[in-house]
Amino acid sequence: MNTTSAAIAAAVTFVWLGMVLAISFLEAPLKFRAPGVTIPIGLGIGRLVFRALNAVEALLAAVVVAAVAVGQPPLSVGVPTAVTALLLITQLAVIRPALNRRSDRVLAGENPPRSRTHLVYVALEVAKVAALLTLGVSAFAV
């Protein structure tokens, strides 16, 4: 892999990793502990924040995939790139729509039954963090 592509992939990957850690594992759980934040307010804020995060993630993923693709990557970079992209696509195309439907119901005043979809999203976030870390270190080592 050429050094320019590797440097771009590593730098963008670590920026992406930092954003996921800050939003998903710091901001998201803390907002519900703030005084006066109700479930509907927290959901509204969360939807807005995660919509923005996911849009930036899609852009960063495109940059990483492009940098890796033009750099003729070794498997140690190509595989975590593909895994990370697949995890993001799964979150955006499968899990987020289900979470949005449930939060729409809550925001409309309904009390839907508990769902494990959020736990699936969190599990995918943990897997994505591991994939991003692997990708960043692998690209940096090239």
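## Overall architecture

The protein contains four helices and zero strands. The model described here is a predicted one. In sequence order, the elements follow the pattern α-α-α-α.

The C-alpha trace spans about 55 × 30 × 20 Å along its principal axes. Of the 142 residues, 35% count as buried. Among the contacts with a separation of 6 or more, 80% are accounted for by residues 24 or more positions apart.

## Helix α2

Helix α2 covers residues 39–70. With its 32 residues, α2 reaches 45 Å from its first C-alpha to its last, which is close to the 46 Å expected at 1.5 Å a residue.

Several positions of α2 are buried, including Gly42, Gly46, Arg47, Phe50, Leu53 and Asn54. Further along the helix, Glu57, Leu60, Ala61, Val64, Ala67 and Val68 are buried as well. The buried residues of α2 pack against α1, α3 and α4.

## Packing of α1 with α2

Two packed helices are described by the angle between their axes and the distance between the axes. For helix α1 (residues 3–31) and helix α2 (residues 39–70), the axes come within 9 Å and cross at roughly 165°. Angles over 145 degrees count as roughly antiparallel, and α1 and α2 are therefore roughly antiparallel to each other.

The crossing of α1 and α2 is left-handed. The residues in the contact of α1 with α2 comprise 20 nonpolar, five polar and three charged.

## Packing of α2 with α3

Helices α2 and α3 pack at an angle of about 160°, and their axes are 10 Å apart. The two helices, α2 and α3, are therefore roughly antiparallel to each other.

Helix α2 passes α3 in a left-handed crossing. In the contact of α2 with α3, the residues divide into 14 nonpolar, four polar and five charged.

## The loop between α2 and α3

Glutamine 72 follows α2 and lies in the loop between α2 and α3. Most residues other than glycine have a negative phi. The phi of glutamine 72, however, is near 50°, a positive value in a residue other than glycine.

Is glutamine 72 buried or exposed? Residues count as exposed when their relative accessible area is over 50%. Because its relative accessibility is 68%, glutamine 72 counts as exposed.

## Packing of α3 with α4

The axes of helix α3 (residues 75–107) and helix α4 (residues 117–141) come within 9 Å, and the crossing angle is roughly 160°. This angle makes α3 roughly antiparallel to α4.

Helix α3 passes α4 in a left-handed crossing. The contact of α3 with α4 is formed by residues that divide into 16 nonpolar, nine polar and three charged.

## Summary

The predicted model has four helices and zero strands. A roughly antiparallel arrangement is found for α1 and α2, for α2 and α3, and for α3 and α4. The crossing is left-handed for α1 and α2, for α2 and α3, and for α3 and α4. Helix α2 contributes buried residues that pack against α1, α3 and α4, and glutamine 72, in the loop between α2 and α3, has a positive phi.

Key: Residues numbered from 1 in each chain as written. Predicted model: local features only at pLDDT ≥ 70, side-chain atom pairs only at ≥ 80, totals over all residues. Heavy atoms only, no water. Axes fitted to C-alpha atoms, helices over the stretch in contact; angles between N-to-C directions. Parallel < 35°, antiparallel > 145°, perpendicular 65-115°, else oblique. Left-handed = near helix turned anticlockwise from the far one by under 90°. Nonpolar A, V, L, I, M, F, W, Y, C, P; charged D, E, K, R; others polar. Expected span 1.5 Å × (residues − 1). Buried < 20%, exposed > 50% of the residue type's maximum accessible area, 1.4 Å probe, protein only. Contact = heavy atoms within 4.5 Å.
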